[in-house]
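Subject: Structure handover

Hello,

Here is the structure I said I would pass on. My notes follow it.

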Amino acid sequence: MKPTSDTRKPYGGSSRALIIALDVGTTFSGVSYALLEPGEVPKIHGVTRFPGQEHVAGNSKIPSVMYYDKHGRVMAAGAEADNASIISQAEDEEWIKTELFKLRLRPKSMKLKMNGMRLSPLPRHKTSVDVFGDFLAYLFRCTKSFIIDTHANGQSLWHHIEASIEFVLSHPNGWEGAQQTKMRRAAVYGGLIPDTDEGRARIRFVTEGEASLHACVQSGLAADNPSRHGFLVADAGGGTLDISSYAVRGTNPLVIEEVAPPDCIFAGSVFVSRRAREFLEEKLKNSKYGTSDSIDHITKRFDETTKRLFRDKKDLQFVPFGSPLDKDLPAGIRGGQLKLDGAEVAEFFEPSVQAAITSIKAQVDASQGMIKSVWLVGGFAASPWLFTQLQERLAPLKITVSRPDSQTSKAVADGALGFYCDHHVSARMSKFMYGVEYLREYDPNDSEHQSRKDRLCELPSGPRLLPDAFDCILARCVKVKESTVFSRKYCTELTNLSTLSVFEVEIWCYRGGDTIPQWILRHAEDYSTLCVVRADLSLLSGSAEPKQGKNGKTYWTIVFSVEIHFGLTEFKARIKWNDNV
């Protein structure tokens, strides 16, 4: 099988278009784009020049860091924020450094173990959505400059396509509709799109796992995979480890399906650094190098050197951080280097390695043993220790672990465009259980019903009903094709037709396993509202026929359907009705 660039179809649109993929990572971010010309095969480009790294040719990633002044204005971002003169100015003028801000958008259901560390405070009068929007705005400005400077007639080209640019935003596997809504709001705040229906429709979403899959396909990796075997893509980034399992179902055209619900765990490289910092605080507490600033600097040097190169726990490790005159022998510091035992460094990695192994094994079980290979991508994939540990620990399961040759750190941005252009995944597995609340007929002989008796309500037509019953529309671990629509018909009785103008239905998500619950426990952690679908059904007031209720009260019966599209990367739901019934 050929790599995707050989099998990618020519662009079928009638006018030139620009698609930009923005990969905002926990620690590093990147941008890729494709200029679509009618009749031509799309080609993916990376933004490889950012302010502050002009001396580094072809670097496609920048730190996800910003400095704000006390009025909430962005003073520096990306590679510029790492510049020594900027850091010095930030200290003098008391700017606020904002990093790891992506973690603030996480779903409440994803618990973040920070080991006592805290996320840096947000700038004054700024929300997490505002900060994310400021960083999107910065990436967009850099992309605009790069395209104008790089392409022939760049200024004129930009002028013609600016109002119709489409964006693909990638996010961790564990993020859902609420996080996508926040990211869309951030894109509006950052000026990428106008706050209109047309503007919001120019944003698409893809999970980091699926984007990484498309990047692997672009590298030709799917060609080496027999269709009868499944494979797993592990995107090891700064904050999350996103794990997705697939199988090739057809080769001409290439068709791929998910074979297990995707997983997302907080086990990225930033947590290795956090554990290292915690260790250094204890180790250097009686040393002159035990100040907060010194530990920040040594941890930063550990990030840049030891963490990236560590490969054998039998070898001593050295963190170069100072001058040859820096010395504190009892603390293990000599010649500006801190000496660490290899086994100590391995312990910084261990929780992340263990979490990865546990998640991969769960995916293998969920796929019923189909998975025979793991592709490791993302910035953290470059760690020799993570790579060899996964290889060693998965070998007994006869699972091979490999890394694509291409630059794994820019896989998500490139793959997000591959997702837009090629769309190889035709079916996805449901991660949780989804349904709506309905009213269940009261059974006086059922003890569970009796315990809820105080909440009984009576419909105008007579039946006594209990609220908060759960009607499952889609169970967990079900394969869902993109074209599949899940529909369920309901009816309700109204005594006042004016309420039809603001008719709404809550879609609920249950995360507690595979057994369908009888009731929605509104305050339990396993239950959450996925979205609220609103519709104006006032058109029905003309065709609804009045009926006489049990107590002589007039009421109307309204019949409607809830339709849900689960097979897309973005969840969609709507209310459907017939106005001539």
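Predicted model: local features only at pLDDT ≥ 70, side-chain atom pairs only at ≥ 80, totals over all residues.

Tyrosine 67 and tryptophan 95 are both buried.

Aromatic pairs

There are 23 aromatic pairs by the rule used. In the pair of tyrosine 67 and tryptophan 95, the ring centres are 6.2 Å apart and the planes stand at 50°, so the pair is classed as tilted. Tyrosine 67 belongs to strand β5 and tryptophan 95 to the loop between α2 and β7, so the pair ties together parts 28 residues apart in sequence.

For tyrosine 289 and phenylalanine 321, the centres are 5.6 Å apart and the planes are at 75°, so this pair is edge-to-face. It links distant parts of the chain, 32 residues apart: the loop between α8 and α9 holds tyrosine 289, and the loop between β13 and β14 holds phenylalanine 321. Tyrosine 289 is buried at 7% relative accessible area, and phenylalanine 321 counts as buried at 10%.

Ring pairs also join Phe101, Phe132, Phe135 and Tyr138 into a cluster.

Arginines over rings

Arginine 440 lies over the face of tryptophan 519, 4.7 Å from the ring centre. Arginine 511 lies over the face of phenylalanine 432, at 4.8 Å from the ring centre.

Helix α9

Helix α9 runs over residues 292-304; at 1.5 Å a residue its 13 residues should span 18 Å, and the end C-alpha atoms are 18 Å apart, which agrees. Its buried residues are Ile295, Ile298, Thr299 and Phe302. They cover an arc of only 100° around the axis, so they sit on the same side of α9. Among the elements covering them are α8, α10, β13, β15 and α11.

Regards

Key: Residues numbered from 1 in each chain as written. Heavy atoms only, no water. Helix = DSSP H or I, 4+ residues; strand = E, 2+ residues; numbered from the N terminus. Expected span 1.5 Å × (residues − 1). Buried < 20%, exposed > 50% of the residue type's maximum accessible area, 1.4 Å probe, protein only. Arc of directions from axis to C-beta. Contact = heavy atoms within 4.5 Å. Phe/Tyr/Trp six-rings, centres within 6.5 Å; stacked < 30°, edge-to-face > 60°. Lys NZ or Arg CZ within 6 Å of the ring centre and 35° of its normal.
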